[in-house]
Amino acid sequence: MAETLSRRAFLAACAALALPRPALAASSPRALVGTVLAGPGLTPLPDHAVLVSGARIQAVLPAAALPPDTPVLFRTGHILPGVINCHVHRVHADDDRRARHLVHGVTSIGDAASPLAALRELARSPTGQTATAACAGPMLCPPGGYPLPVHSPEHGLPTTSPRQARRHVRFLADHGATMIKLAFEPGPYPTPWPLLDTATAAAAADQARKLGLTVRCHVEDLGGLAPALDAGVDVVDHVPHRHITPSGPQPVLIPDETAPAPHYLALLERMARNRVTLAPTLDVLSRSLWRGPCQTIPTAAFHALGGQIAVGNDFPYRRTDAGMPLAELHLLHDAGLPTRAVLQAATSGSAHACGLANRGVIEPGAQADLLVTRANPLEALDTLADPVLVMKDGVVVRG
Ligand SMILES: [Zn+2]
């Protein structure tokens with residue numbers, strides 16, 4: 001059901017964001033007019049209007065067919081769904097999510113693993129005031145497994161049996177988690193980290209699905225991908241880009257580096273067939289010693305197989321940027337994805353990866369999370385760096 005802000009809260013939000021002009025009350029029907037990038041396909045509809053009522057999109061219609069006297073907030077530009085950064089960390093408080101993400105046009109985020117204490121803050125998403133958060137809480141992992149050797153203990157929830165996995169998933173859901181993240185990182189040779197056994201991981205995934213939670217997983221070494229798929233994950237976070245062997249880590253490409261190695265390609269085909277989303281996080285990965293074809297070739301191959309890609313940059317790790325994840329968008333484009341596929345990944349793809357139903361798309365009934373850009377983002381991604389209007393749940397937060 002649509003929520004509305006109290007007048008006091010609304011004026012406080014306006015003051016905090018230094019809006020140049022007062023926005024209309026969220027409950028008043030109003031319209032944005034321009035070229036609408038409509039539906040999951042982002043089909044351009046010139047001279048169209050998005051009619052917003054309360055927090056939702058009521059209709060997409062030709063501008064000439066707007067009911068008379070409908071207030072029009074904006075008359076030119078390209079109107080697209082708010083961008084969703086599906087993989088971030090450490091943006092827990094409402095104010096932080098508003099200042100670092102929402103006012104830049106990132107209307108939702110996916111917190112892809114945080115300490116348990118963060119879930120309470122993340123679950124609080126006052127309508128129209130902050131980027132909506134999907135959140136995972138600590139990753140389920142085996143004792144001694146990733147992320148425990150690398151990150152602080154509060155980022156992992158050691159899990160040793162199917163029964164405990166189901167209990168941990170229920171526990172996280174009770175604390176506000178909307179996603180579950182499983183760790184599948186084999187770690188260094190010759191003493192690899194342990195991996196979750198298939199029965200335990202599959203029980204966690206099954207319990208998550210029963211509760212309506214999305215199942216994410218961390219995989220960078222290809223050795224973790226098949227076990228993750230065996231468990232039944234919905235999303236693979238980080239494109240697997242190396243495999244550790246007795247002679248050291250190796251890329252998983254054919255020798256001329258134009259395609260994934262056959263056994264990797266088979267796993268990518270399995271992902272595409274089973275509608276498993278890939279969130280490559282190329283921005284953060286490219287800031288390590290591993291960069292280039294070992295990451296971009298599998299990403300492009302997965303896209304060519306019809307696989308669904310999502311946009312996440314792993315902010316703030318390795319100094320990735322807050323706000324519009326432009327570097328990630330450009331890296332996906334440079335990898336070979338057309339701009340339309342990049343924008344689909346950043347909107348409906350990321351919404352799907354975060355389990356955010358009714359977001360990431362412009363269609364009747366969807367939440368009114370909208371951007372207006374000066375130029376056509378299908379031709380110039382950089383126009384996303386400076387949106388002229390940002391609407392969140394029907395409330396103008398920039399414009
Ligand atoms: Zn991460």
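**View 1. Helix α7 passes helix α9 in a right-handed crossing.** Welcome to this predicted model, where we start with a pair of helices. Helix α7 covers residues 262-273 and helix α9 covers residues 293-304. Their axes come within 9 Å and cross at roughly 40°. Because of that angle, α7 counts as oblique to α9.

**View 2. Side by side, the residues that join α7 to α9.** On the α7 side, look for Y264, L265, L268, M271 and A272. Their partners on α9 are P298, A301 and F302. What classes of residue make up the contact of α7 with α9? There are 8 nonpolar residues, with no polar and no charged ones.

**View 3. The protein chain is divided into two parts, domain 1 and domain 2.** Domain 1 is built from two stretches, 7-81 and 361-398, while domain 2 runs through 83-353. Taken over C-alpha atoms, the centres of domain 1 and domain 2 are separated by 30 Å.

**View 4. Here domain 1 meets domain 2.** How many residues of each domain are in contact? Domain 1 gives 25 residues and domain 2 gives 21. On the domain 1 side, the elements that supply two or more residues are α1 (7-17), β5 (78-81), β18 (389-392) and β19 (395-398). The largest share of that side comes from β19, with 3 residues. By class, the side of domain 1 that touches domain 2 has 19 nonpolar, 1 polar and 5 charged residues.

Methods
Residues are numbered from 1 along each chain as its sequence is written. This is a predicted model: local features need pLDDT of at least 70, side-chain atom pairs count only at pLDDT 80 or more; totals for chains, interfaces and linings use all residues. Domain bounds come from an automatic or database domain assignment. Two residues are in contact if their C-beta atoms, placed from the backbone, lie within 7 Å. Helices (H or I, at least four residues) and strands (E, at least two) are DSSP runs, numbered from the N terminus. Ala, Val, Leu, Ile, Met, Phe, Trp, Tyr, Cys and Pro count as nonpolar, Asp, Glu, Lys and Arg as charged, and the others, Gly among them, as polar. Axes are lines fitted to C-alpha atoms, for helices over the stretch in contact, and angles run from 0 to 180 degrees between N-to-C directions. Angles under 35 degrees count as roughly parallel, over 145 as roughly antiparallel, 65 to 115 as roughly perpendicular and the rest as oblique. A crossing is left-handed if the near helix is turned anticlockwise from the far one by less than a right angle, and right-handed if clockwise.
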